[in-house]
Amino acid sequence: MDLELVRQYLEDSGSRDHSSEDLTLIGKGDEAVSEEIRSKFIHPCFAQPCSQSNFITRLNRDQICLETSVISSMSILGTVRVRNLSFDKVVKLRYTADNWKTHKDAEATYIKGSCDQFTDRFSFCIHLPSHLVVGTSIEAALCYIAGGTQVFWDNNQGHNYLFRVFSKVEGDDGFTQDYFSSQYI
């Protein structure tokens, strides 16, 4: 009877395409999954926009600009600056890990007290699945909807914001080093 329930469950959940990476995590304990997460990291493949000399120019031209991004384990956190064009604002991050075959949107949250009359700041956080394989690219762009009708995009000046998954390797000296393959940078 138990096997029949498992077979029925698998048939009922057949709409999801299980990749080999998904299947490697099935049956692993928390320790194995945790080790898999510790063995890789995400890295932004772009300079932080707020540190660039043209940041204000980009913001004035595009009405929206990524300010900073920070990586924490398998999460990407960021701050976004938008021009104060309307009281009603929607800011979201659109991202993909499959070259835009599919995408997800993550709505950003207003940072209280961030208005300086001309701009407002928003923050976002996305949690990426632990089964992403080394070499996976995550592309992202930001969308700002002002007053419900005006739509603006920041796609890193046509290049999208690119993050890549890299592996960590233990060196001969016992220290863990980040491994950047030139194939992925």
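Buried means under 20% relative accessible area, exposed means over 50%, and partly exposed is in between. The model is predicted.

Q: What makes Phe46 and Phe163 an aromatic pair, and why is the pair called stacked, tilted or edge-to-face?
A: Rings pair if their centres lie within 6.5 Å, and planes over 60 degrees apart count as edge-to-face. The centres of Phe46 and Phe163 are 5.2 Å apart and the planes stand at 85°, so this pair is edge-to-face. The two residues come from distant parts of the chain, 117 residues apart. Phe46 sits in the loop between strand 1 (40–44) and helix 4, and Phe163 in strand 10 (residues 161–170). Phe46 has a relative accessible area of 14% and is therefore buried. Phe46 and Phe163 also form one aromatic cluster with Tyr161. In total, the structure holds five aromatic pairs.

Q: How do you know how the rings of Tyr110 and Phe122 are arranged?
A: Two values describe such an arrangement: the distance of the centres and the angle of the planes. For Tyr110 and Phe122 these are 5.7 Å centre to centre and 70° between the planes. Edge-to-face requires planes over 60 degrees apart, and the pair of Tyr110 and Phe122 is edge-to-face. Tyr110 belongs to strand 6 and Phe122 to strand 7, so the pair ties together parts twelve residues apart in sequence.

Q: How do you know which strands pair with strand 7?
A: Two strands pair if at least two bridges are found between them. Strand 6 and strand 7 are joined by two bridges and run antiparallel. In this pairing Tyr110 stands opposite Phe122. Strand 3 and strand 7 have nine bridges, also in the antiparallel sense. There, Leu77 has Cys125 as its bridge partner in strand 7.

Q: What makes strand 2 and strand 6 edge strands?
A: The open sheet has four strands in the order 2-3-7-6, with antiparallel pairing. Strand 2 (64–72) and strand 6 (109–110) each pair on one side only. Strand 2 pairs with strand 3 over eight bridges, and Leu66 stands opposite Val80 in strand 3. Helix 4 (residues 55–62) packs on the sheet, where it touches strand 2, strand 3 and strand 7 (119–127). The direction of helix 4 makes about 120° with that of strand 2.

Q: How do you know where the buried residues of helix 4 lie around its axis?
A: These buried residues are Phe55, Arg58, Leu59 and Asp62. They cover an arc of only 100° around the axis, which puts them on the same side of helix 4.

Q: What makes the phi values of Gln63 and Trp100 worth noting?
A: Most residues other than glycine have a negative phi. Gln63 has a positive phi of about 75° although it is not a glycine. Gln63 is in the loop between helix 4 and strand 2, and at 12% relative accessibility it counts as buried. Phi of Trp100 is near 70°, again a positive value in a residue other than glycine. Trp100 is in the loop between strand 4 and strand 5 (104–107). The relative accessible area of Trp100 is 31%, so Trp100 is partly exposed.

Terms used: Residues numbered from 1 in each chain as written. Predicted model: local features only at pLDDT ≥ 70, side-chain atom pairs only at ≥ 80, totals over all residues. Heavy atoms only, no water. Contact = heavy atoms within 4.5 Å. Axes fitted to C-alpha atoms, helices over the stretch in contact; angles between N-to-C directions. Phe/Tyr/Trp six-rings, centres within 6.5 Å; stacked < 30°, edge-to-face > 60°. Buried < 20%, exposed > 50% of the residue type's maximum accessible area, 1.4 Å probe, protein only. Arc of directions from axis to C-beta.
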